[in-house]
Amino acid sequence: MNSKLLKLLSLVLFSLLLVSGCGANNESKPTVSSTENSSSTMTIATTFYPMYIFALNVAKDIPNVTVIDMTKPSAGCLHDYAATPEDMKNLEGAKILITNGAGMESFMDKITSQMPALKILESSKGIELIKGNGDEGDNPHVWVSISNAITQVQTIGDQLAVLDPTNATKYKENTTVYIKKLEAQRDKMHLALDGLKNRDIVTFHESFPYFAKEFNFNIAGVIEREPGSAPNAKELGETIDQVKGLKINALFAEPQYPPKAAETIASATGAKIYTLDPVVMGPMEADAYINIMDSNLKALKEALK
Ligand SMILES: [Zn+2]
């Protein structure tokens, strides 16, 4: 092979590497003089995973608009989560913070007092909330219903268009496109699930009331366990008794629930364990919410047939 060509090729490869390296670095650098040159860069932050996926879609393909997720909670959901110094650092340079609201983010006081200029966009505004169990407040898992997700995406699109008028048209276009996809997924799920006779489901965490309401399932029992932590022998025994008492043969664990514990419960009770995913962690890509809902559809069809 011609050595000149080889040299040229390696030069091209090398500069490509340089370019991608810079791109990766940019994310952690604070935005320079963002107040003076507001049209050049815009960082939109989100409080956790589902908000990040929605914002990715609404801000898709808009030059100089970056979406970042500020937290990395180990169990996905933000219950009692305290924003860490790294989380607060991630917010530096962001102009807008998209929250779920409905009581999910308990660290908002810290943010509003430390960053008074940050615009807060509460996406669950206007959604009718379901009361939590016992003395708990309202159930915050609104996004697990596709209809609520659509409302949240619409709110995010409308508000971003107001807060960042330069890109208003693009936000609105993206919102329309994404909502069409969400509606198609909801239709597909109704078509597959509405005819099922068995409507009772048992879950491991209080994530599914909005989903159950949307698709007309009855949550016969919730086996409350801390997501991400393995139950001890006593708790496992109690859970096994509960499952036997409910006389139900399909249980829905969340991906965050330790699979070993689920297997123990399954073998002790004869119930089969399936996975229902509340979309609190997963791939950081635009289609993730829809893909996860599709996996939930498959699990429900398999479990309740
Ligand atoms: Zn949760």
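Of the 305 residues of the chain, 48% count as buried, where buried means under 20% relative accessible area, exposed over 50% and partly exposed in between, with a 1.4 Å probe and protein chains only. The model is predicted, and local features need pLDDT of at least 70, side-chain atom pairs count only at pLDDT 80 or more, and totals for chains, interfaces and linings use all residues. Residues are numbered from 1 along each chain as its sequence is written, and side-chain values use heavy atoms, with hydrogens and water left out.

The secondary structure comes to 10 helices and 8 strands; helices (H or I, at least four residues) and strands (E, at least two) are DSSP runs, numbered from the N terminus. Among contacts (heavy atoms within 4.5 Å) between residues at least 6 apart in sequence, 65% join residues at least 24 apart.

D69 is buried yet has no salt bridge, and K72, the nearest side chain of opposite charge, is 7.1 Å away. A salt bridge here is a side-chain nitrogen of Lys or Arg within 4 Å of a carboxyl oxygen of Asp or Glu; for charge, Lys and Arg count as positive and Asp and Glu as negative, while His and the chain ends are not counted.

The side chain of D69 does make a polar contact of 3.1 Å with the side chain of T46. Such a contact is a pair of N or O atoms within 3.5 Å; within protein, one must be able to donate a hydrogen and the other to accept it, and residues adjacent in sequence count only if both atoms are side-chain atoms. A polar atom of the D69 side chain also lies 3.3 Å from the backbone nitrogen of F48. Leaving aside residues up to four places away in sequence, D69 touches T46, T47, F48, Y49, Y52, N90 and M284.

The zinc ion is coordinated by C77 (SG), H79 (NE2), H141 (NE2) and H205 (NE2), at 2.0 to 2.4 Å. Donors are N, O and S atoms within 2.8 Å of the metal (3.2 Å for Na, K and Ca); water is not among the atoms, so sites may look incomplete. The zinc site is tetrahedral, with angles of 98 to 124° among its 4 donor atoms; four donors count as tetrahedral if all angles lie between 85 and 135 degrees. C77 is buried, at a relative accessible area of 9%, whereas H79 is partly exposed, at 35%.

Definitions and conventions
Tetrahedral: all angles 85-135°; square planar, octahedral: opposite > 155°, others 65-115°.
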